[in-house]
2 protein chains.
Amino acid sequence: MDRILLAHGSGGKLYHQLIEEVFLPAFGNKHLNQLNDSAVCPVANGLIAMTTDSFVVQPLFFPGGDIGRLAVCGTVNDLAMSGATPRYLTLGMIIEADFPFADLKKICASIAEAASEAGVQIVTGDTKVVQKGHGDGIYINTAGVGELSEALDLSQRTIEAGDVIICSGEIASHGIAVMAAREGLGLKPAPLSDVAPLNGLAKALLTVVPQTKALRDPTRGGLASTLNEWAEKAGLTIEIEEEALPINKGVAATCELLGLDPLYVANEGKLLACVPAESADIALAALRSHQYGVKAAIIGKVTKDTAGRLQLATPYGGTRIIDIPAGELLPRIC
Amino acid sequence: MDRILLAHGSGGKLYHQLIEEVFLPAFGNKHLNQLNDSAVCPVANGLIAMTTDSFVVQPLFFPGGDIGRLAVCGTVNDLAMSGATPRYLTLGMIIEADFPFADLKKICASIAEAASEAGVQIVTGDTKVVQKGHGDGIYINTAGVGELSEALDLSQRTIEAGDVIICSGEIASHGIAVMAAREGLGLKPAPLSDVAPLNGLAKALLTVVPQTKALRDPTRGGLASTLNEWAEKAGLTIEIEEEALPINKGVAATCELLGLDPLYVANEGKLLACVPAESADIALAALRSHQYGVKAAIIGKVTKDTAGRLQLATPYGGTRIIDIPAGELLPRIC
């Protein structure tokens, strides 16, 4: 049998076979191996972070990653951005009948590898199979639980004029990689997605700058979305400098070719931080010392202007307002 | 605007509007209202239960419930069956473009009502929109976290000969209700799904019979699946009596009409328990005192036979082996 059947989602023999032959070999751990409806897991300190994300990316495999790595990293990163240590993931799959077993196994291997890198366990899961034509290959949901020793105030409410905005590396590469793969642009070299677990990077930052005021991985909607939200919550304007934005040359060229503004393109392995000016250097050093933050840069600052918006300073001395994206620029990139 | 657009899943303006206008009014609570990527929630005792389920039921609305109530109850029940007190849910939606807003709002209202009944909060969520033709209306994933004061041994490993099997009420009504609605069978009265949160019922049982050996809500695959698993894990045969099985007359007639064995049909508001014989009466009384357990009944017992299988004793004095279902009897019922 080399393709998924409806009966693989039935709760019967083939369902159990799928678990025994595909999921347990890929993800097995003492929690998952119980195969109970719920996993019972220890947590420290009485405070947890919870998050969820569904992944509908097309294509499922793209340069630099696949839907499996994305599903782990997306949830790990959401937990990490709250200051939590990601611990446990749940894994919900909706598979279209006739999906190739070989692809499912590749995706599971990728999930296992990313989970191992991030130090999290898949503790429980669920699989549904829908008829051919009623899905789109595979959709994956992950939900995650992280441990917090104390609630950090990363709520953006303490952002004030003079604070510094740091970006952990080159922007827009995930969205462009998926877009190029989907549209068959045939770019050489193909742009690579940055999809990566950021819990180590976030910890490196928060350990030395616990007074970090805001932390976010700018995924859907890109930098523009995240920084607009921060500016609005703080009631202050954030000004970023176009020349300071780290961006890969090939990605920048592709954005220009396609008429896309990289500020709106999704990232899956970058974080934005807002830190007090006096902590900016130590924050930058901490990020740069980590493999996923080597190209970290200060990209802007919070100004006194109370308009609560995002402005871009161009190399020519002008500024323009970068609004929150209104429509759908790049569907199905995560 | 009365239909979902791709841009509602973009992370941009329409996405925020969807959150502000639909999700927050339906589910708002202090955790969700933060609108951070993760919700930070307190938990007691350092032990949590985690579970996840995706829901792909067709039709989305059926007599007795809808995909929203199902998505809450399914996850609440999985947590409750581990002895946990369900506390927090995550909510992941994959919506097909062009889905009616009015239906989304109905589903959200139903989610809110079921969550309120079960005493759980929706603390974080995620919404993706896929192109028309690439989904199926709406798919919903919920993951849940429950609190445990101590890990109960509901692992079925302590099941022994003489133990009693109790079912909390009439079987097979969910699967038949969905099937009848989907196939337009036009039955009068239409069979009603039993979809309900079982945390109160489970607690009522576990409070008086903490030595309960196994507890499960028999969803996909029905009673046959759950009891086969228990028999196999225990290495003992479970014998149930056909005449003792609670079943609604209309449901039984529909099963006969369609050639379906009610033992294989999904339930969404029933639990099975395995308890020591000496606790059977008190267990039964506890279940019957709860609104969702009024028709609870002892349906069978664990025998000394070490074949590890499920047997049905017929009214005529015979027995037949009830195997784990091999194929897909009723697709898309949860």
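The C-alpha centres of domain 1 and domain 2 of chain A lie 28 Å apart. Domain 1 covers 6–148 and domain 2 covers 164–321, with bounds from an automatic or database domain assignment. This is a predicted model, in which local features need pLDDT of at least 70 and side-chain atom pairs count only at pLDDT 80 or more, while totals for chains, interfaces and linings use all residues. Residues are numbered from 1 along each chain as its sequence is written, chains are lettered from A in the order in which they are written, and side-chain values use heavy atoms, without hydrogens and water.

**Domain 1 against domain 2 in chain A**

- Domain 1 of chain A brings 20 residues to the contact and domain 2 of chain A brings 23, where contact means heavy atoms within 4.5 Å.
- About 1700 Å² is buried between the two domains of chain A, 64% of it from carbon and sulfur atoms; buried area is the accessible area (1.4 Å probe) that two parts lose on being put together, summed over both.
- Pro63(A), Asn77(A) and Met81(A) supply 33% of the area that domain 1 of chain A buries against domain 2 of chain A, more than any other three residues.
- Between these domains there are zero salt bridges (a side-chain nitrogen of Lys or Arg within 4 Å of a carboxyl oxygen of Asp or Glu).
- Eight residue pairs, both at pLDDT 80 or more, are in polar contact between the domains (a pair of N or O atoms within 3.5 Å; within protein, one must be able to donate a hydrogen and the other to accept it, and residues adjacent in sequence count only if both atoms are side-chain atoms).
- On the side of domain 1 of chain A that touches domain 2 of chain A, α2(A) gives the most, with eight residues; helices are DSSP runs (H or I, at least four residues) and strands likewise (E, at least two), numbered from the N terminus.

**Chain B against chain A**

- Each chain is represented in the contact, with 76 residues from chain B and 76 residues from chain A.
- The two chains bury about 5900 Å² between them, 53% of it on carbon and sulfur atoms.
- In chain B, Asp37(B), Met50(B) and Arg220(B) lose the most area to chain A, together 13% of what that side buries.
- Eight salt bridges are counted between chain B and chain A; Asp53(A) and Lys128(B) form a salt bridge at 3.6 Å, N to O.

**Ile324(B)**

- Ile324(B) sits in the segment after β14 (319–321) of chain B.
- Ile324(B) is buried, with a relative accessible area of 16% (buried means under 20%, exposed over 50%, partly exposed in between; 1.4 Å probe, protein chains only).
- Not counting residues up to four places away in sequence, Ile324(B) touches Gly12(A), Lys13(A), His16(A), Ser225(B), Asn228(B) and Tyr264(B).
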